[in-house]
Amino acid sequence: MENAVSSPQLYVTTHQIHPNSQTTRYVLNYKKLPYKTITLEYPSIAPTLSSLGIPPLTIKRDGTPLYTCPSIIDYGPDNSSEGSPKAMITDSYKIAEYLDKAYPSTPCVFPPGTEALQAAFYKHIADLIGPPWPTGHLYPLLLPKITENVLNPISAEYYAYHRRDFADPLSELYPKGKEALAAQWKKVEESFNTIDTWLSKNTKPGDFVMGDTVTFCDFVIAGILDAIRVAFGEESEEWERVMGWSGGRWKRFMGNLKEYASVDH
């Protein structure tokens, strides 16, 4: 028996650049669930989520809680933020799992029988694109551009300060010289070509993980691509090159998901 729900109100606490936040947006839009986005500057994430009672993602080595985005508060079908929340969840994967179970009348992102395979695929995507943090294939290109091109000054300063063990200033992560830069981009391209090889194994038509069926892992890939687009700019040479990788698969892929990419909530 399905849960009796209608027009749930979900509050998404997110920041613009993070792939996981965009993944959650995709899932909510795909399910056509109404929600309100609360955009936080980096220094405000921990105090805001803590004050709302949203649980931390994990506990850091020093014993302090780690609060992060995306996080949601679901007040249920009455759409009222006056009452007690139905659920408070952090982590895009857990959020997607929750939404599938809480709103079974909406399109599912973990079709029955795909849960284990998607869990493995999700782990492999993370390992392929960014091993090991923060010097993996994509991060040396992405992190400096996030602070330079995207974040407001208050968040850029916080973002760089809390990653100073990786590079200080963060711009030192960015490859120096044309050859080093080209080599780093080549590593990222090869990672996406590997994903393309996996997806090309499908016997069903379509550019998604399950051919023509959209799943959570498609939104994970799209979130990573969106981060590149926002960091470098939609009109940039870098983004144009990415859209040409793997025989143009990623341009088709993003075009097919465009209707679920809206942030106007």
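How many of the 12 residues of helix 5 are buried? In this predicted model, helix 5, spanning residues 139-150, is mostly covered, with nine of its 12 residues buried. The buried positions are Pro-140, Leu-141, Leu-142, Leu-143, Pro-144, Lys-145, Ile-146, Thr-147 and Val-150. These buried residues pack against three other elements, namely helix 6 (153-161), helix 7 (178-199) and helix 8 (216-232).

Confidence was examined along the chain. The mean pLDDT of the chain is 87, and 88% of its residues reach 70 or more. Confidence is highest in helix 9 (residues 237-257), at a mean of 97, and lowest in strand 1 (residues 10-14), at 65. Over residues 1-7 the pLDDT is below 50. Beyond near neighbours in sequence, the stretch of residues 1-7 has 14 contacts in the model.

Salt bridges were then considered, and their count comes to 10. One of them joins Asp-196 to Arg-249, with the closest N and O atoms 2.4 Å apart. Because Asp-196 lies in helix 7 and Arg-249 in helix 9, this pair ties together parts that are 53 residues apart in sequence. Both partners fall under the 20% cut-off for burial: Asp-196 is buried with a relative accessible area of 15%, and Arg-249 is buried with a relative accessible area of 5%. The pair also belongs to a network of salt bridges that links Asp-196, Asp-207, Arg-249 and Arg-252.

Lys-186 counts as partly exposed, because its relative accessibility is 41%, a value between the cut-offs of 20% and 50%.

A further salt bridge is formed by Asp-212 and Lys-204, whose closest N and O atoms are 3.2 Å apart. Asp-212 counts as partly exposed, at 48% relative accessibility. Lys-204 likewise counts as partly exposed, at 40% relative accessibility. In the salt bridge between Asp-196 and Arg-249, by contrast, Asp-196 is buried and Arg-249 is buried.

Notes:
Residues are numbered from 1 along each chain as its sequence is written. This is a predicted model: local features need pLDDT of at least 70, side-chain atom pairs count only at pLDDT 80 or more; totals for chains, interfaces and linings use all residues. Side-chain values use heavy atoms; hydrogens and water are left out. Buried means under 20% relative accessible area, exposed over 50%, partly exposed in between (1.4 Å probe, protein chains only). Helices (H or I, at least four residues) and strands (E, at least two) are DSSP runs, numbered from the N terminus. Contact means heavy atoms within 4.5 Å. pLDDT is the predictor's confidence in each residue, from 0 to 100. A salt bridge is a side-chain nitrogen of Lys or Arg within 4 Å of a carboxyl oxygen of Asp or Glu.
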